[in-house]
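This report describes selected features of one protein model.

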Amino acid sequence: MLRKSVLRLLGRTGASRLSLLEDFGPRYYSLGSLSARDDARDARAYFTTPIFYVNAAPHIGHLYSALLADALSRHRRLRGPSTAATRFSTGTDEHGLKIQQAAATAGLAPTELCDRVSKHFQQLFQEAGISCTDFIRTTEARHRVAVQHFWGVLKSRGLLYKGVYEGWYCASDECFLPEAKVTRQLGPLGDSFPVSLESGHPVSWTKEENYIFRLSQFREPLQRWLRGNPQAITPEPFHHVVLQWLDEELPDLSVSRRSSHLHWGIPVPGDDSQTIYVWLDALVNYLTVIGYPNAEFKSWWPATSHIIGKDILKFHAIYWPAFLLGAGMSPPQRIYVHSHWTVCGQKMSKSLGNVVDPRTCLNRYTVDGFRYFLLRQGVPNWDCDYYDEKVVKLLNSELADALGGLLNRCTAKRINPSETYPAFCTTCFPSEPGLVGPSVRAQAEDYALVSSVATLPKQVADHYDNFQIYKALEAVSSCVRQTNGFVQRHAPWKLNWESPVDAPWLGTVLHVALECLRVFGTLLQPVTPSLADKLLSRLGVSASERNLGELYFLPRFYGHPCPFEGRRLGPETGLLFPRLDPSRTWLVKAHRT
Ligand code: MSP
């Protein structure tokens, strides 16, 4: 029963898988207080993606993993305290049996394959606007130094011993498996072969003398760490799953392979006959990037947030914290776990021929469009199915029509001939709801809109903290809809600038809508950086006015001066997001059953 729920959460791959004006009162919503809290508590933040295997070209799942980390780190940088206090690393995982075998199959030297595919990842991430501060390759000399040093620390603390490992190994997943995690699968010729129950990948029997890590000693320390840090693994169901795993016995772990069998890796220091297990090698990348073993790494560790896919939870939530505790270090602060993208309900794989190429998608849907799609639709807790109609529908409705339409309605020359941020009239829109008078024009729904947008930055920040970026985007989208409703309700196109009765209200309607747009543009920066830049530039918001800590919405409503009032709008740069043509042929058609 327990196992069933764990499997359901993890999915089955394969077979069936947020000071400008500090005297502002408490109703003046901003994220200023939040950034002050961050300043004091954890000034530095280090985000990581997993490092990607170089056995095959990147797909949209890999891009998704990197985009989640990119959005989190961009949001953090916008929140302060300063850009220099945020670090974001990604890279490629280049050693191990999987890569050794892939190179042999391709008839290439491993270095050749690694150079080629690592470059693909670097190009993709550059094109997709992944704002990493570091890109690490495990074949770099700095990494070998870090791994061998880390090994030496574990050894000196008596945590490594030599012993015989006998059991199953899955080269595709680079992991050892107990008998209970292996099943048999029927091949095309009716023959059966052993596969991993979780991934469906082939496994092979190995018996070798290896170095073994005393993982069993860490069951209780890991349980204490997780129980004492309920937010260590987010979303919560994954935290729960790891605690369930720790209810079971935790056997020691083989952390080397015979060099004759695995030559493509980092040799065990002082014993060239053994190569360090690729997961130990790979996990240490997070330390290499921040300068380990030099003391500088200590200013970044453990202020770390690892973003990982659910398939590599055990490696990050059990092995890695155990290695770190073993080396006398703290586990990472946060592990953010996401689920997978499937295509027509199936896992993406070369053999099924259903791999969706992220570069084609970026070209077709624009960089910002595709970033928005993946982050708006990807739900960390559950797998998400990809097809093109979904992308076109979402982008046309939320970016082209709703957001683009709203901007156009408020900035078009015929409605806003002076091309300025008009003045807000406190008599038309008094701060107290329910006031009556000949000049009061605001209605109950308008106060609801102000309240929604005022609290939006905080809501968005909370969603980022909980690794629910899709919910942050859903909240922005809902406010965009509310703002379009506001504009529709007051139909500024029916009001006349020449009329002394209409003009103050017309200016107020546009002022409020532009303030809402300014908040939306600011909040969208981590997800759609170019589109947000276009939007904020059109509103005349300067680069120094785009931080979350200074995002004060509608100050005139709260009795404070507004720096934008009367300001000229930025130059017209065309449509914010051009509609996509739904009649184009699809790369991936909707899967209808
Ligand atoms: N090399 C290891 C990670 C080592 S980190 C110290 C690895 N590499 S991977 O290339 O297989 O996967 C990298 C990331 O991509 C993982 O977080 C994985 O979950 C993610 N994804 C792989 N396929 C995916 C989807 N179909 N959808 C979403 N993410 C997916 O594991």
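In this predicted model, a salt bridge brings together the side chains of R87 and D134, with an N to O distance of 3.2 Å.

The structure holds 23 salt bridges.

| Salt bridge | N to O distance |
|---|---|
| R87 and D134 | 3.2 Å |
| R376 and E474 | 3.8 Å |
| R489 and D446 | 2.6 Å |

The salt bridge between R376 and E474 links distant parts of the chain: R376 sits in helix α13 (residues 367-377) and E474 in helix α16 (residues 469-490), 98 residues apart. The relative accessibility of R376 is 11%, so this residue counts as buried, the cut-off being under 20%. E474 has a relative accessibility of 38% and therefore counts as partly exposed.

R489 counts as partly exposed because its relative accessibility is 32%. D446, by contrast, is buried, with a relative accessible area of 0%. A further group, made up of D70, R74 and R371, is joined into one network by salt bridges that share partners.

Strand β15 (residues 304-309) is mostly covered, with 6 of its 6 residues buried. In a regular strand, side chains alternate between the two faces of the sheet. On one side of β15 lie T304, H306 and I308, and on the other S305, I307 and G309; all of these are buried, and both faces of the strand are covered.

Which strands pair with β15? Strand β1 (residues 45-48) runs parallel to β15 and is joined to it by 3 bridges. Within this pairing, F47 stands opposite S305. Strand β16 (residues 334-338) also pairs with β15 in the parallel sense, over 5 bridges, and here I308 stands opposite V337. From β15 the chain passes through helix α11 (residues 313-326) to reach β16, forming a right-handed β-α-β crossover.

The next topic is a helix pair. Two packed helices are described by the angle between their axes and the distance between the axes. For helix α4 (residues 97-106) and helix α5 (residues 110-127), the axes come within 8 Å and cross at roughly 100 degrees. An angle of 65 to 115 degrees counts as roughly perpendicular, and α4 and α5 are therefore roughly perpendicular to each other. On the α4 side, I99, A102 and A103 make the contact, while α5 supplies P110, L113 and C114.

Finally, G404 is placed in helix α14 (residues 388-411). Is this glycine buried or exposed? With a relative accessibility of 10%, G404 counts as buried. When residues up to four places away in sequence are left out, G404 touches L399 and L576. L243 lies 161 residues from G404 in sequence, and the C-alpha atoms of the two are 46 Å apart in space.

How values were computed. Residues are numbered from 1 along each chain as its sequence is written. This is a predicted model: local features need pLDDT of at least 70, side-chain atom pairs count only at pLDDT 80 or more; totals for chains, interfaces and linings use all residues. Side-chain values use heavy atoms; hydrogens and water are left out. Buried means under 20% relative accessible area, exposed over 50%, partly exposed in between (1.4 Å probe, protein chains only). Helices (H or I, at least four residues) and strands (E, at least two) are DSSP runs, numbered from the N terminus. Two strands pair if DSSP finds at least two bridges between them. A crossover is right-handed if, with the strands pointing away from the viewer, the path from the first strand over the helix to the second runs clockwise. A salt bridge is a side-chain nitrogen of Lys or Arg within 4 Å of a carboxyl oxygen of Asp or Glu. Axes are lines fitted to C-alpha atoms, for helices over the stretch in contact, and angles run from 0 to 180 degrees between N-to-C directions. Angles under 35 degrees count as roughly parallel, over 145 as roughly antiparallel, 65 to 115 as roughly perpendicular and the rest as oblique. Contact means heavy atoms within 4.5 Å.
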